[in-house]
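Dear colleague,

Please find below the structure that I am handing over to you. My notes on it follow directly after.

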Amino acid sequence: MSLTEKTAADLLALQAAGAATAADVADAFLAAYRDREPKLRAFVSLDEADVRRQAAAVDAKRAAGQPLGMLAGVPVAVKDVLCTEGVRTTCSSRILADFVPPYDAHVVGRLRAADAVLFGKTNMDEFAMGSSTENSAFRVTRNPWDTARVPGGSSGGSAAAVAGCLAPLALGTDTGGSIRQPAALCGVVGLKPTYGRVSRYGLIAFASSLDQVGPFAHDVTDCALLLEAVAGHDPRDSTCVNEPVPAYTRTLNDPVKGLRIGVPREFFGEGLDAEVEAAVRAALKEYERRGAVLVDVSLPHSKYALAAYYIVAPAEASSNLARFDGMHYGHRTKEKADLVGTVAKSRGEGFGPEVQRRIMIGTYVLSSGYKDAYYVKALKVRRLVKGDFDAAFERCDVIAGPTTPTAAFRAGEKADDPLAMYLSDVYTVSCNLAGLPGLSLPCGFTAAGLPVGLQLLGRPFAEETLFRAARMYEAATDWHARRPAV
Amino acid sequence: MSLSLDDIRKVARLARLELSEADLVRMQGQLSAILDYVAQLNELDTADVEPLAHPLPIQNVFRPDEPAPSLPPAAALQNAPATVGDYFAVPAVFDTDEPVSH
């Protein structure tokens, strides 16, 4: 097994044992990058010299006997929506094509403090709006299991980078499924933490009441490791909660005794692909064999969650993206115009079609005369969706179902039909509306060799239970150990 | 819910988005379809439901009011499309050829 196929935990152990240096690890991933990136196109930018410098600094620290952080010498790819000081951060948008942040996002600072090696900025749907990474202004990322197919989105570059063994770990963001959906489609583990678990400081905002930063990894252990490194209080984000971060990696091998798994009947209805359903049902059977109890639960308002989401998220986006006016940073039109004309032309030229569509929807549902009928109505439905979860969690510890209705679809298949694309988030958005943690882990493959994801949802701040429950299944299967032939 | 081209023009103006005629027409069809989809929320009676704007029950998060350095001017200006000295340069706000007096 080459270094690039190993987990972060393996790479840490190899370095601690003196069997590999951080430079060896970095060189292996850089070689993989040169070999496979032309096929996968997972990155917006990567500075090879900077990667080598960071790795050499970790080796020097180790040689000098200095204490090392928990991710010492482990490459971590970062979604290009997270600010990196002095390193271009584009949101895969023309409007930020040349933007160089003057500061680090909180999570990026945490990675540096953990002695991780920042390994490039990953491609995404523009401003994290999309489910296929086809909305990037720069490139279309490919699924490592079948390069004719999409990796999912919006964090498709991060998911493809981990699945394609271009980085053992990656950070993404999840507003309506943008970590879990690509994790499922690429056959890796992805977690959207509880709202408030991880600081959003330096995350370029899409929908501020829904956005969370979270990890991608080959397995549950690595996923827990990366969350542990980036989670925790940050006074610069007032919604980031001051609760201690448990040592997830220390407990995740303890099975949850008498685990009660809620199985919502609404997640197994019309639109669910038969092969995906079969893989998820088989996973539930495996849980029963390991002592878990399946509980029939109902989330009666979940069929309305997607509609509520596609009002709330664009509304918040239209407000957040008002800051891109071509004045303080970002693209400014070359055409001569007055102030308002310059703003409108800069935005018309700089934003791609999906971002423009969401700004338009958001502006409409917040506009005078329509706000109560759309925006306030959606917020009321949001409370009903959250109420469903509160009731269900009185009877179970986690909720399980498919992460996505289908396995990875073909590039171009849904590109011209926004509504069809939105439907690929049908099982993931309710978790964001309610602010819950959600994890996707591999639970099988279709006959065509495409990965299927099992989604586990937990109570607020119950990431520890999610990891332990996920690990119970992972320990009994070997889906997470498979690597695609790119 | 079908939106007229004039509705679309009005929303684009509110959103400060200059779009081509072709984009406006495409947007008209797509936005109408999306609004039709979200109209299913009207099946629910929500008269007695309080809106939920935010998932966490947190309010009034305070921190100590201590002075701390902010971004230096050069860093704040480094991404600006146009600057004059330590200022962001923007097109004239008022439609006049007269120099603005300070």
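In helix H4 of chain A (residues 106–113), the buried residues are A:His106, A:Val107, A:Val108 and A:Leu111; buried denotes under 20% relative accessible area, with a 1.4 Å probe and protein chains only. Helices (H or I, at least four residues) and strands (E, at least two) are DSSP runs numbered from the N terminus. The cover over these buried residues includes strands S2 (75–79), S3 (117–122), S4 (169–174) and S6 (212–217) and helix H7 (220–230) of chain A. After H4(A) comes A:Asp115, with a positive phi near 65°.

This is a predicted model, in which local features need pLDDT of at least 70 and side-chain atom pairs count only at pLDDT 80 or more, whereas totals for chains, interfaces and linings use all residues. Residues are numbered from 1 along each chain as its sequence is written, chains are lettered from A and ligands numbered from 1 in the order in which they are written, and side-chain values use heavy atoms, without hydrogens and water.

As to the interface, 63 residues of chain A and 49 residues of chain B take part in the contact (heavy atoms within 4.5 Å). Two salt bridges are counted between chain A and chain B, a salt bridge being a side-chain nitrogen of Lys or Arg within 4 Å of a carboxyl oxygen of Asp or Glu. A salt bridge joins the side chains of B:Glu18 and A:Lys345 (3.1 Å, N to O). On the side of chain A that touches chain B, H13(A) contributes the largest share, 11 residues.

Note on methods. Buried means under 20% relative accessible area, exposed over 50%, partly exposed in between (1.4 Å probe, protein chains only).
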